[in-house]
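I opened a new page for this structure. My notes follow in the order in which I looked things up.

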Amino acid sequence: MHSDAIVIGAGAVGAACARALAGAGLTVTVLDAAGAAAGTSGQGEGNLLVSDKLPGPELSLAQHSLTLWDGLQAELDAELPAALPPVEYERKGGLVVATTEAGAQPLLDFAAQQRAAGIDARAVGIAAALELEPDVNPAITAAVHYPEDAQVQPVIATEALLASARARGARVVLGARVTGALRAASDHAGRTGRLTGVRTTRGDFSADNVIVAAGPWSGDVAAALGASLPVRPRRGVVLVTTRMPHRIFHKVYDADYVGAVESDAAALQTSSVIESTAGGTVLVGSSRQQRGFDAALDLAAVREIAAKATRVFPFLAEAAVMRVYGGFRPFMPDHLPVIGPDACITGLWHATGHEGAGIGLALGTAELLRDLITGATPVLDPVPFSPSRATLEAAA
Amino acid sequence: MSARMLPPEHDPITPATPVAVTIIVDGTPVSGVAGQSVAGVLLAAGRLAWRTTAAGRRPRGVFCGIGVCFDCLVTVNGVRDVRACQRTAHDGDAVGFQDEELPEIGA
């Protein structure tokens with residue numbers, strides 16, 4: 001069966017792209033090597049953050065995506081059966097704290113830059129921070145409150161986006177790993193013919209457009225299709241405590257988190273990201289480490305995350321860690337997602353490379369990709385996200 | 001782990017003569033056999049559930065029985081988050097339940 005578009009990857013980004021394209025009237029087939037939210041989307045925290053982003057194209061995409069998330073649940077309620085659970089979207093707000101004297105001024109400067117870009121970033125005094133989070137370490141040296149930071153339950157959100165795509169006519173094929181390209185014949189000049197579909201472990205699928213939304217596996221998928229994309233896996237680990245009475249009310253970060261997000265270092269880095277869940281557990285992150293697809297438990301990362309969390313919330317020293325989970329984020333050498341047509345192969349598109357921000361950026365990414373494919377005028381400038389950009393050629 | 005007390009003479013392991021232990025469960029003495037876990041003593045005494053889920057207030061006690069699921073948490077001598085299935089019962093242990101109010105995030 002022929003489709004107008006094939007989306008490779010049934011994570012949050014792929015599901016959102018499928019839904020947006022089907023909404024524009026395209027026939028869509030979603031392929032995934034494993035299952036819905038089986039990769040990065042099911043292995044993170046569901047953070048939708050503006051607080052960790054400097055002014056620039058990624059922040060603009062995050063801000064626009066947040067406005068789309070605001071309206072999503074109402075759209076889903078109108079499209080889907082009432083039996084489906086809500087996506088647990090909540091603008092819970094973030095509190096970023098500096099835990100060292102040296103870290104205070106950089107945090108306040110960072111917040112000032114964000115305010116200039118339209119972010120609600122409120123520098124609050126220590127006393128006000130303690131009102132927002134009574135159990136935070138009173139020895140913190142600065143604090144900024146970000147009321148816009150939000151979260152969703154990422155697996156429910158991905159499933160709901162996929163269900164909506166299906167309701168709009170999309171077909172979802174799971175367990176189909178892409179192994180190669182279907183190509184039109186070369187032209188007279190010997191140039192490679194356009195992509196006309198993909199070969200998979202579950203047969204061939206033809207389409208006018210093929211979209212790679214395979215997160216950290218996108219580099220491998222692109223290579224199987226004859227393209228080059230410098231996406232690499234970066235490992236992140238999260239600790240889960242036993243349930244406890246509610247003592248953490250926002251997403252609370254150590255200000256050094258921003259430095260870790262922006263960093264290129266391959267070695268283990270950790271920085272505190274702490275929040276409560278509806279069930280009463282506390283999620284304690286985060287780490288970043290480039291080690292291929294090695295998913296072995298890294299005790300050094302667990303120790304470092306736990307130790308740093310007690311710097312922000314001293315009471316966590318008494319908490320029991322019940323589980324540790326981790327996942328791979330799609331790391332880009334220039335820290336921007338790739339959204340748009342492949343640099344070389346006609347018919348191939350990319351929507352990937354969102355690192356740890358793919359849930360939050362999924363809706364804006366899907367809208368941008370849809371507009372590029374259908375020829376509509378995008379709300380955001382697509383040029384910074386182009387797969388042909390110079391900063392990627394340098395890295396390739 | 002069995003949910004009932006097996007008479008020692010029926011136990012194929014043929015244990016030595018059992019020694020009694022008594023733990024204090026929510027202020028009430030409950031007797032078991034030395035070597036049993038706290039969960040074993042509770043189950044043998046006929047208690048199947050000792051906490052409830054956060055959302056639906058459904059009863060929970062031992063689920064996996066091997067220390068993985070964290071469903072059987074109790075306090076022992078004032079320390080919270082002890083897995084009842086992993087803690088050997090000692091004479092005089094004060095076992096309590098930690099079914100406190102859980103968060104209503106966003107409320």
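**Entry 1: A:His335**

I began with one residue. With 18 C-beta neighbours inside 10 Å, A:His335 counts as partly exposed. I noted that the model is a predicted one. I then looked up where A:His335 sits, and found it in the loop between strand E16 (321-331) and strand E17 (338-341) of chain A. The phi of A:His335 is near 60 degrees, which is a positive value in a residue other than glycine. I wrote this down because most residues other than glycine have a negative phi.

**Entry 2: A:Glu355**

A:Glu355 is not a glycine, and its phi is about 50 degrees. I placed A:Glu355 in the loop between strand E18 (348-352) and H9 of chain A. Is A:Glu355 buried or exposed? I put A:Glu355 down as buried, because 22 C-beta neighbours lie inside 10 Å and the cut-off for buried is 20 or more.

**Entry 3: a cis peptide bond**

I checked omega next. A:Gly285 and A:Ser286 are joined by a cis peptide bond, with omega about 0 degrees. Most peptide bonds are trans, so I marked this one. A:Ser286 belongs to strand E15 (residues 282-288) of chain A.

**Entry 4: chain A as a whole**

I stepped back to the whole chain. I listed 10 helices and 18 strands in chain A. The C-alpha atoms of chain A fill a box of roughly 70 × 50 × 40 Å along the principal axes. A compact globule of 396 residues would have a radius of gyration near 21 Å, and chain A agrees because its own value is 21 Å. Of the 396 residues in chain A, 51% are buried. I also looked at contacts in chain A with a separation of 6 or more: 74% of them are between residues 24 or more positions apart.

**Entry 5: A:Ala5**

A:Ala5 counts as buried, because 25 C-beta neighbours lie inside 10 Å. A:Ala5 and A:Ile373 are 368 residues apart along the chain, and their C-alpha atoms are separated by 9.5 Å. Leaving aside neighbours within four places in sequence, I found A:Ala5 in contact with several residues, among them A:Leu21, A:Val28, A:Ala207, A:Ile211 and A:Ile373.

**Entry 6: helices around H1(A)**

I turned to helix packing. Helix H1 (residues 12-23) and helix H5 (residues 154-167), both of chain A, pack at an angle of about 25 degrees with their axes 8 Å apart. That angle makes H1(A) roughly parallel to H5(A). Their crossing is left-handed. On the H1(A) side I noted residues including A:Ala12, A:Ala15 and A:Arg19, which meet residues including A:Pro154, A:Leu161 and A:Ala165 in H5(A). The residues of this contact divide into 10 nonpolar, 2 polar and 1 charged.

H1(A) also packs with helix H9 (residues 358-374) of chain A, at an angle of about 35 degrees and with the axes 8 Å apart. Which hand has the crossing of H1(A) and H9(A)? I recorded a right-handed crossing. In H1(A), residues including A:Val13, A:Cys17 and A:Leu21 meet residues of H9(A) including A:Ile359, A:Leu363 and A:Ile373. I noted 12 nonpolar, 2 polar and 3 charged residues in the contact of H1(A) with H9(A).

**Entry 7: H2(A) against H9(A)**

I followed H9(A) to another partner. Helix H2 (residues 57-79) of chain A packs with H9(A) at an angle of about 95 degrees, with the axes 7 Å apart. H2(A) and H9(A) are therefore roughly perpendicular to each other. Residues of H2(A) including A:Leu61, A:Trp69 and A:Leu72 meet residues of H9(A) including A:Leu361 and A:Glu367. By class, I noted 7 nonpolar, 4 polar and 1 charged residues in the contact of H2(A) with H9(A).

**Entry 8: chain B**

I ended with chain B, which has 1 helix and 7 strands. From the N terminus on, its elements run β-β-α-β-β-β-β-β. Of the 107 residues of chain B, 24% count as buried. I picked B:Ala49, in strand E3 (residues 49-52) of chain B. B:Ala49 is partly exposed, because 14 other C-beta atoms lie within 10 Å. Not counting residues up to four places away in sequence, B:Ala49 touches B:Pro59, B:Arg60 and B:Gly61.

Technical notes. Residues are numbered from 1 along each chain as its sequence is written. Chains are lettered from A and ligands numbered from 1 in the order in which they are written. This is a predicted model: local features need pLDDT of at least 70, side-chain atom pairs count only at pLDDT 80 or more; totals for chains, interfaces and linings use all residues. Helices (H or I, at least four residues) and strands (E, at least two) are DSSP runs, numbered from the N terminus. The radius of gyration is taken over C-alpha atoms; the globule rule is 2.2 Å times the number of residues to the power 0.38. A residue is buried if 20 or more other C-beta atoms lie within 10 Å of its own, exposed if 12 or fewer, and partly exposed in between; C-beta atoms are placed from the backbone. Two residues are in contact if their C-beta atoms, placed from the backbone, lie within 7 Å. Axes are lines fitted to C-alpha atoms, for helices over the stretch in contact, and angles run from 0 to 180 degrees between N-to-C directions. Angles under 35 degrees count as roughly parallel, over 145 as roughly antiparallel, 65 to 115 as roughly perpendicular and the rest as oblique. A crossing is left-handed if the near helix is turned anticlockwise from the far one by less than a right angle, and right-handed if clockwise. Ala, Val, Leu, Ile, Met, Phe, Trp, Tyr, Cys and Pro count as nonpolar, Asp, Glu, Lys and Arg as charged, and the others, Gly among them, as polar.
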